[in-house]
Structures are given as C-alpha cells and as structure tokens.
Amino acid sequence: MSTSDKQNPHVGHEILDDAGGFHITDEAVDLGAYRWEDWMAFALFWILAAIVFYQVFTRYVLEDPAGWTEEIARYFLIAVVFIGATMSVRRNNHIQVDYFYRLIPRPAGRVISTLVDLFRCFFLGYATWLAWLLLDKIGNQRMAIVDLPMGWVFGSILFGFALMFWRSLGVAWRHWKQGYSILERPECPLGVEEVK
C-alpha cells in the first residue's frame, strides 16, 4: 500500500492502519450520476413498497386485507419498470453481446454498432408511437377495483418509452461523437461524459 493510499480517506479498498490491522473505507458517494428520472423511479419504488407493506399488514396483522392494494401495487410496478428502464438506456448498460466485435475488423464493428444504435432508437420510437395509440384507445376505461382511469397506467408506459427514446438518441449521438460504443470497447463503459 502506498502512503498516498493511506492518507486518502476516499479510497474504496482495504488500508493497513498504524496498529497493523485492516480498515475498510468506502468510496465517496456521487449523486451527480443520477438524473431526475432516476429519482422519479426511486420515489415510485418507495410508494410501491409502502403499498405492499400496507397490503401485508392488513392481510396478516389485521386479518382484513385491503382489496385495492394488489391492483395499485401492480400498476406502480409497471411504472417503476418503464420509467426505471430509462436509467439503463441512458447509461447504456442493458444486456449486450460484444463477443463478435472481437472477431471482426474494427471498421465493420463500427458500422454494426452504429446500426445497433439506430435500431434501438427506431425500436423505442416505434414503441412510443404504439403506446400512444394504446393510450388513445384505452385511456378512458376504468380500473377494475379502484375507480381511476387506466390512462394513468398507460401514460406511465408512454412516458417511459418516450424518455427511453430520447435517451437512446443521446446515447447514439455520444457514440457517434466519441467514435466507438461499449460494444466495440467494453473496457470504456461511458466514454465521453454521460448525456444529461
């Protein structure tokens, strides 16, 4: 261990202290990596957790289950998934297969990764359009147990897809500017600064 590591309290590994024992320090927390949609998904998740807790409490403690909790929890889970998926699109960390990029020449890999970016943008744009059409047809129907419009649920799906589409355009632009994507160079996860 170097002396500079011993003096830096923000090193994320073990440090030998003066008594000869090990002291583990955590890395500094950087909340700047999160965007507003991450915080929205975080808030929706905790509302979902509170609803599920209330459901368990009424079912097993009060022995009188609240009927609305199962339906509302399902809809909050849908919102968490679609809005939370935006974080993975923005950070470009969905499941990817980069093995073939090691076998083909770099120019061919660049073309294929650009096509992957374009296909992702097209797919998410088309999914946004389909979610809009679905919301237009189903939006005024009511939920089964709670008398609220189903449009709220499909609105969260539309919002999530639209945000994923917007973030995929930013990822494609970032890859174009830096000249490579994570598929071509998996050791460089974000490359240029993340899209804000």
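1. The buried residues of helix H4 pack against H3 and H5, where contact means heavy atoms within 4.5 Å. Those buried residues are Gly109, Arg110, Ser113, Asp117, Cys121, Leu124, Ala127, Thr128, Ala131 and Leu135. Buried here means under 20% relative accessible area, exposed over 50%, and partly exposed in between, with a 1.4 Å probe and protein chains only. An α-helix has 3.6 residues a turn, so residues three or four places apart point the same way.

2. A word on the basis of these values. This is a predicted model, in which local features need pLDDT of at least 70 and side-chain atom pairs count only at pLDDT 80 or more, while totals for chains, interfaces and linings use all residues. Residues are numbered from 1 along each chain as its sequence is written, and side-chain values use heavy atoms, with hydrogens and water left out.

3. For the overall layout, the protein chain has five helices and two strands, arranged along the sequence as α-β-β-α-α-α-α. Helices (H or I, at least four residues) and strands (E, at least two) are DSSP runs, numbered from the N terminus. Of the 196 residues in the protein chain, 34% count as buried. Among contacts between residues at least 6 apart in sequence, 60% join residues at least 24 apart.

4. How do H4 and H5 pass each other? Two packed helices are described by the angle between their axes and the distance between the axes. The axes of H4 (residues 106-138) and H5 (residues 151-178) come within 9 Å and cross at roughly 160°. That makes H4 roughly antiparallel to H5. Axes are lines fitted to C-alpha atoms, for helices over the stretch in contact, and angles run from 0 to 180 degrees between N-to-C directions. Angles under 35 degrees count as roughly parallel, over 145 as roughly antiparallel, 65 to 115 as roughly perpendicular and the rest as oblique. H4 passes H5 in a left-handed crossing, a term for a near helix turned anticlockwise from the far one by less than a right angle, with clockwise being right-handed.

5. The residues of the contact of H4 with H5 divide into 19 nonpolar, six polar and three charged. In this scheme Ala, Val, Leu, Ile, Met, Phe, Trp, Tyr, Cys and Pro count as nonpolar, Asp, Glu, Lys and Arg as charged, and the others, Gly among them, as polar. Leucine 169 is found in H5 and counts as partly exposed at 35% relative accessibility, whereas Asp117 is among the buried residues of H4.

6. H2 and H3 make another pair for you to inspect. Their axes come within 9 Å and cross at roughly 155°. That makes H2 roughly antiparallel to H3. H2 passes H3 in a left-handed crossing, and the residues of their contact divide into 18 nonpolar, four polar and four charged. In H2, Glu37, Asp38, Ala41, Leu44, Leu48, Ile51, Gln55 and Thr58 are buried, and what covers them includes H3 and H5.

7. The 33 residues of H4 should span 48 Å, and its end C-alpha atoms are 47 Å apart, which agrees. H5, with 28 residues, reaches 40 Å from its first C-alpha to its last, close to the 40 Å expected.

8. Which backbone angles deserve a look? Glutamate 63 has a positive phi of about 55° although it is not a glycine, and asparagine 92 likewise has a positive phi of about 55° without being a glycine. Glutamate 63 sits in the loop between H2 (36-61) and H3 (68-91) and is exposed, at 67% relative accessible area. Asparagine 92 lies in the loop between H3 and H4 and is buried, at 3%. Glycine 179, which follows H5, has a positive phi near 85°.

9. Finally, proline 186 is placed in the segment after H5 and counts as partly exposed at 29% relative accessibility. Leaving aside neighbours within four places in sequence, proline 186 is in contact with Asp98 and Arg102. Its C-alpha atom is separated by 9.9 Å from that of tyrosine 99, 87 residues away along the chain.

How values were computed: Expected span 1.5 Å × (residues − 1).
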